[in-house]
Amino acid sequence: MSEIKEKKKNKTKSNLKAPEKLKLLVTIVNRNKVEFFVDVLTGFEVNMQMIVYGNGTAPKDLDLLGLNHSEKAIIFSFIKESQQKQILETLNDRFYRIRSGKGIAYVMTINSIIGVYLYQFLSNNTESIRR
């Protein structure tokens, strides 16, 4: 019991730091490439990803242009603000290099998250959760 009290006393304001901001990354890709892009995002220690399946709205007249893939997947991912630029650059590179790997990615600001454990989970801060 005294160890816990000592640890609390040793914590000072200088040890505390502001939590890193999180962003919501929305990635829209062809359904047959969703696993590839999930793996790419997992490489950036993205802890939670949600996939929603849908259909594109391009008319069938665009088959001649190669835009006939109407089955889409939308990947919602929580990323750290510090990784935003690197992730978007990597996704942009993959969109151009991968066959049928075209897609759209954009980032939305998250104003608040309620709960310390939820924030730690979404930011992949597992060391704090284990303590």
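Biologist: Is glutamate 45 buried or exposed?

Modeller: This is a predicted model, and in it glutamate 45 sits in the loop between α2 and β2. A residue counts as exposed when its relative accessible area is over 50%. Glutamate 45 has a relative accessible area of 52%, and therefore the word for it is exposed.

Biologist: What is the phi of glutamate 45 near?

Modeller: Most residues other than glycine have a negative phi. Glutamate 45, although it is a residue other than glycine, has a positive value, and its phi is near 60°.

Biologist: How are α2 and α3 directed relative to each other, roughly parallel or roughly antiparallel?

Modeller: Two packed helices are described by the angle between their axes and the distance between the axes. For helix α2, residues 34-42, and helix α3, residues 84-97, the axes come within 11 Å and cross at roughly 150°. Angles over 145 degrees count as roughly antiparallel, and α2 and α3 are therefore roughly antiparallel.

Biologist: How many nonpolar residues does the contact of α2 with α3 have?

Modeller: From α2, the residues Phe36, Phe37, Val40 and Leu41 take part, and they meet Ile87, Thr90, Leu91, Arg94 and Phe95 in α3. Sorted by class, this contact of α2 with α3 has one charged residue, one polar residue and, for the nonpolar class, seven.

Biologist: Which strands are the edge strands of the open sheet?

Modeller: The open sheet has four strands with antiparallel pairing, and their order is β2-β3-β1-β4. From one strand to the next, the twist averages 20°. An edge strand pairs on one side only, and this holds for β2 (49-55) and β4 (103-109).

Biologist: Which residue in β3 is the bridge partner of isoleucine 28?

Modeller: Strand β1, residues 22-30, and strand β3, residues 71-80, pair in the antiparallel sense over nine bridges. Within β3, the bridge partner of isoleucine 28 is isoleucine 74.

Biologist: What does isoleucine 74 count as at 24% relative accessibility?

Modeller: Leaving aside its neighbours within four places in sequence, isoleucine 74 is in contact with Val26, Thr27 and Ile28, and also with Met50, Ile51 and Val52. Buried would mean under 20% relative accessible area and exposed over 50%. With its relative accessibility of 24%, isoleucine 74 therefore counts as partly exposed.

Biologist: What distance separates the C-alpha atoms of isoleucine 74 and arginine 31?

Modeller: Along the chain, isoleucine 74 and arginine 31 are 43 residues apart, and in the model their C-alpha atoms are separated by 8.5 Å.

Conventions: Residues are numbered from 1 along each chain as its sequence is written. This is a predicted model: local features need pLDDT of at least 70, side-chain atom pairs count only at pLDDT 80 or more; totals for chains, interfaces and linings use all residues. Side-chain values use heavy atoms; hydrogens and water are left out. Axes are lines fitted to C-alpha atoms, for helices over the stretch in contact, and angles run from 0 to 180 degrees between N-to-C directions. Helices (H or I, at least four residues) and strands (E, at least two) are DSSP runs, numbered from the N terminus. Angles under 35 degrees count as roughly parallel, over 145 as roughly antiparallel, 65 to 115 as roughly perpendicular and the rest as oblique. Contact means heavy atoms within 4.5 Å. Ala, Val, Leu, Ile, Met, Phe, Trp, Tyr, Cys and Pro count as nonpolar, Asp, Glu, Lys and Arg as charged, and the others, Gly among them, as polar. Two strands pair if DSSP finds at least two bridges between them. Buried means under 20% relative accessible area, exposed over 50%, partly exposed in between (1.4 Å probe, protein chains only).
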